[in-house]
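This report describes selected side-chain and strand relationships in a single protein model. The sequence and structure are displayed below, followed by the description.

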Amino acid sequence: MRTLLIALAFVFSAGLSTQAQDSMKKTVNDKAQIVALEQTKGQFTQQQVELKAGDYVFAISNNKAGVDVGFVLVPKGADASNPDNHIKAAYVTQVVAEGATEKSNVVHLEAGEYVYFCPLNKTPQYTLTVK
């Protein structure tokens, strides 16, 4: 329960940083590519993602997951249970209700490996590789 409350707090806190990032979004967002990911009950349908280094916006869809969902992205090898290691710009700007899609802020990804998951939908951790 504590982990769920912490995850919810961080998902909602992403909205607080939105104002500071709005001016940056206007210049960077034109270059950012959309990465569409779908969640169903207990899993993402895309269980591995490969991208080139660059700027991305994550669009997370909730397809009958049975709960509101979110999105967490962490460099591989970092403790994913520690919110300090999360790439906070990758959080969706609000939790994703069933049948809805929400987006993250712009995230710049360098070459390397990352893991993504949803603590609200209790998904496994999946690999995102940036070349």
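## Salt bridges

K76 and E113 form a salt bridge in which the closest N and O atoms are 3.7 Å apart; the term denotes a side-chain nitrogen of Lys or Arg within 4 Å of a carboxyl oxygen of Asp or Glu. K76 lies in the loop between β5 (72–75) and β6 (101–103), and E113 in strand β8, so this pair ties together parts that are 37 residues apart in sequence. Strands (E, at least two residues) are DSSP runs, numbered from the N terminus. K76 is partly exposed at a relative accessible area of 45%, and E113 is partly exposed at 40%. Buried means under 20% relative accessible area, exposed over 50%, and partly exposed in between, for a 1.4 Å probe and protein chains only.

The model is predicted: local features need pLDDT of at least 70, side-chain atom pairs count only at pLDDT 80 or more, and totals for chains, interfaces and linings use all residues. Residues are numbered from 1 along each chain as its sequence is written, and side-chain values use heavy atoms, with hydrogens and water left out.

The structure holds 2 salt bridges. K131 forms one with E50, with the closest N and O atoms 3.7 Å apart. This pair links distant parts of the chain, 81 residues apart: K131 is in the segment after β9, and E50 is in strand β3 (residues 48–51). Both K131 and E50 are exposed.

## The four-stranded sheet

Strands β3, β9, β8 and β5 make up, in the order β3-β9-β8-β5, an open sheet of 4 strands with mixed pairing. The edges are β3 and β5, each with a single partner strand, so one side of each has no neighbour in the sheet. On average, neighbouring strands of this sheet are turned by 25 degrees against each other, direction ignored; the axes are lines fitted to C-alpha atoms, and angles run from 0 to 180 degrees between N-to-C directions.

Strands of a sheet pair through backbone hydrogen bonds, either parallel or antiparallel. β3 and β9 pair in the parallel sense over 4 bridges, where pairing requires that DSSP finds at least two bridges between the strands. E50 stands opposite T129 in β9.

G112 is found in strand β8 and is partly exposed, with a relative accessible area of 27%. G112 and V130 are 18 residues apart in sequence, whereas their C-alpha atoms are 5.2 Å apart in space. Not counting residues up to four places away in sequence, G112 touches L128, T129 and V130; contact means heavy atoms within 4.5 Å.

## Aromatic pairs

The structure holds 6 aromatic pairs. Rings of Phe, Tyr and Trp (its six-membered ring) pair if their centres lie within 6.5 Å; planes under 30 degrees apart count as stacked, over 60 as edge-to-face and the rest as tilted. F44 and Y126 form an edge-to-face pair, at 5.8 Å centre to centre and 80 degrees between the planes. F44 in strand β2 (residues 43–44) and Y126 in strand β9 (residues 126–130) are 82 residues apart, and their pair links distant parts of the chain. Both F44 and Y126 are buried.

Y116 and Y126 form a tilted pair, at 5.5 Å centre to centre and 35 degrees between the planes. Y116 lies in strand β8 (residues 112–117) and Y126 in strand β9, so this pair ties together parts 10 residues apart in sequence. Y116 is buried at a relative accessible area of 0%, and Y126 counts as buried at 7%. Ring pairs link F44, F58, F71, Y116 and Y126 into a cluster.

Q39 lies in strand β1 (residues 33–40) and is buried, with a relative accessible area of 0%. The side chain of Q39 reaches the backbone oxygen of G70 at 2.7 Å and makes a polar contact with the side chain of N121 at 3.0 Å. A polar contact is a pair of N or O atoms within 3.5 Å; within protein, one must be able to donate a hydrogen and the other to accept it, and residues adjacent in sequence count only if both atoms are side-chain atoms. Beyond four places in sequence, the residues in contact with Q39 include F44, C118 and T123.

T123 is placed in the loop between β8 and β9 and is buried, with a relative accessible area of 10%. A polar atom of the T123 side chain lies 2.8 Å from the backbone nitrogen of C118. Leaving aside neighbours within four places in sequence, T123 is in contact with Q39, G42, Q43, F44, F117 and C118.
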